[in-house]
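This report is written for a reader who is meeting the structure for the first time.

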Amino acid sequence: MKDLKIAVVGLGAVGKEMLSTLEKSNLPISEIVPLVRRNEGRIIQFRGKGYKAKKISEGVFKGIDIALFSAGAEASRTLAPIAAKEGAVVIDNSSAFRMDPDVPLVVPEVNPQAAQKHQGIIANPNCSTIQMVVALKPLHDLFRIKRIIVSTYQAVSGTGLAAIEELNEQTKAFAEDKEMPVNVYPYQIAFNALPHIDDFLDNGYSKEEMKMHNETRKIFEDNTVRVSATTVRVPVVRCHSEAVNIETEKPLPEVAEIKEILAKAPGVKIMDDPENNVYPLAVDCAGKYDVYVGRIRKDFTIENGLNMWVVADNLLKGAALNAVQIAELIAEKNWLKGGKDNALDCAEVRRNIC
Ligand SMILES: NC(=O)c1ccc[n+]([C@@H]2O[C@H](COP(=O)([O-])OP(=O)(O)OC[C@H]3O[C@@H](n4cnc5c(N)ncnc54)[C@H](OP(=O)(O)O)[C@@H]3O)[C@@H](O)[C@H]2O)c1
């Protein structure tokens, strides 16, 4: 694998995790180029070397192999095509290009083959979608999922650094019996649950809810799967939790066998012993790379139904880690710009990822 020059655009909640995930990765990185909107000139430490944060200017992406974008959809819409034109492969964390038919939407454990078709931009899916599809893909392959009903309990870090700060400030204000500052969400998030993530659409769903439906279909390459989502913001700093119900076309085996299937799936860890109070918790999964699955039980109200509780770190598997895994995949397979196509062995890719 050749040495890589990697740009990181945006150093917020995800950008910071991007740098630390890259640092821990096995990628051979010759140079990091941190690109910011404010505070240019500050020094970013990476693998024992200091790199000056730069503002984005014409030509800044020339010579960059991979540009990891986490600066919001607006910045991605304007800057990602420029970066791609200047020769970088963009891995974009925003929603800007996810449903663009020319842009692959990739979760390396699920659809690594899609990355090969990139034309300079690869999209990272929405955080709540990523953890759900990692847990469900093995079951979809074997039993064909017809319908998913999912309720999410999403951490405030999914909104970025400002929301983490607001939860901290509101909690402190509550403890001191002071008025809470409310700026990021329409209502206080401390000691509350808001059934409102992203804007509402004409059909009554929020954009976040429709992302789970649309992105799951694109990633599974199966437009027959239906996803009915209710997405909720909760006062948790890190890790999204999801109550997932599926209905399959083929009969499901016993729960013990389902656990065996999921235990072998790349990126999945089973944590399921309710009698001993063992199930995935946001506080335990923070900082971890895997998607944790527990509370696995048959849905006794329908013929082929299953319930489970799925937890993952939204800043890692839901964002930075997934992006770095895509970078590892395209670097290893030589799917960078100008790289020659290699025949893809999906099983091999999945093994390498876990
Ligand atoms: N947080 C998550 O769990 C998560 C998961 C998946 C995807 N995402 C997506 O990732 C992106 C970043 O999210 P975040 O949570 O990291 O937000 P954040 O904490 O608010 O950080 C955003 C960062 O982007 C920078 N930025 C904005 N415009 C820029 C530009 N034109 N050039 C360079 N930097 C720019 C901001 O700089 P300033 O500080 O100067 O404003 C800020 O540092 C969003 O598109 C989000 O939807 C987030």
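Predicted model: local features only at pLDDT ≥ 70, side-chain atom pairs only at ≥ 80, totals over all residues.

Two residues are said to be in contact here when heavy atoms of theirs lie within 4.5 Å.

**Helix 4 and helix 9**

In this pair, C127, I130 and V134 of helix 4 meet K317, G318 and N322 of helix 9. By class, the residues of this contact divide into three nonpolar, two polar and one charged. Helix 9 covers residues 316–332, and its axis is 8 Å apart from that of helix 4, with an angle of about 85° between the two. Since angles of 65 to 115 degrees count as roughly perpendicular, helix 4 and helix 9 are therefore roughly perpendicular to each other.

**Helix 4 and helix 7**

Helix 4, which spans residues 127–143, also packs against helix 7, residues 255–264, at an angle of about 120° and with the axes 9 Å apart. That angle makes helix 4 oblique to helix 7, and the crossing of the two is right-handed. On the side of helix 4 the contact is made by A135, P138, L139, L142 and F143, while helix 7 contributes I258, I261 and L262. The residues of this contact comprise eight nonpolar ones, with no polar and no charged residues.

**Helix 4 and helix 6**

A further partner is helix 6, residues 207–220, whose axis comes within 10 Å of the axis of helix 4 and crosses it at roughly 40°. Helix 4 and helix 6 are therefore oblique to each other, and their crossing is right-handed. The residues of helix 4 that take part are S128, T129, M132, V133, L136, K137 and H140, and they face E208, K211, M212, E215, T216, I219 and F220 of helix 6. By class, this contact has six nonpolar, four polar and four charged residues.

**Around the ligand**

Which residues come nearest to the ligand? Of the 27 residues around the ligand, these are A13, V14, R37, R38 and S157.

| Residue | Atom of the residue | Distance to an oxygen atom of the ligand |
|---|---|---|
| G12 | backbone N or O atom | 3.3 Å |
| V14 | polar backbone atom | 2.8 Å |
| N314 | N or O atom in the side chain | 3.0 Å |

Methods. Residues numbered from 1 in each chain as written. Heavy atoms only, no water. Axes fitted to C-alpha atoms, helices over the stretch in contact; angles between N-to-C directions. Helix = DSSP H or I, 4+ residues; strand = E, 2+ residues; numbered from the N terminus. Parallel < 35°, antiparallel > 145°, perpendicular 65-115°, else oblique. Left-handed = near helix turned anticlockwise from the far one by under 90°. Nonpolar A, V, L, I, M, F, W, Y, C, P; charged D, E, K, R; others polar. Near = heavy atom within 4 Å. Polar contact = N/O pair within 3.5 Å; in protein donor to acceptor, adjacent residues only side chain to side chain.
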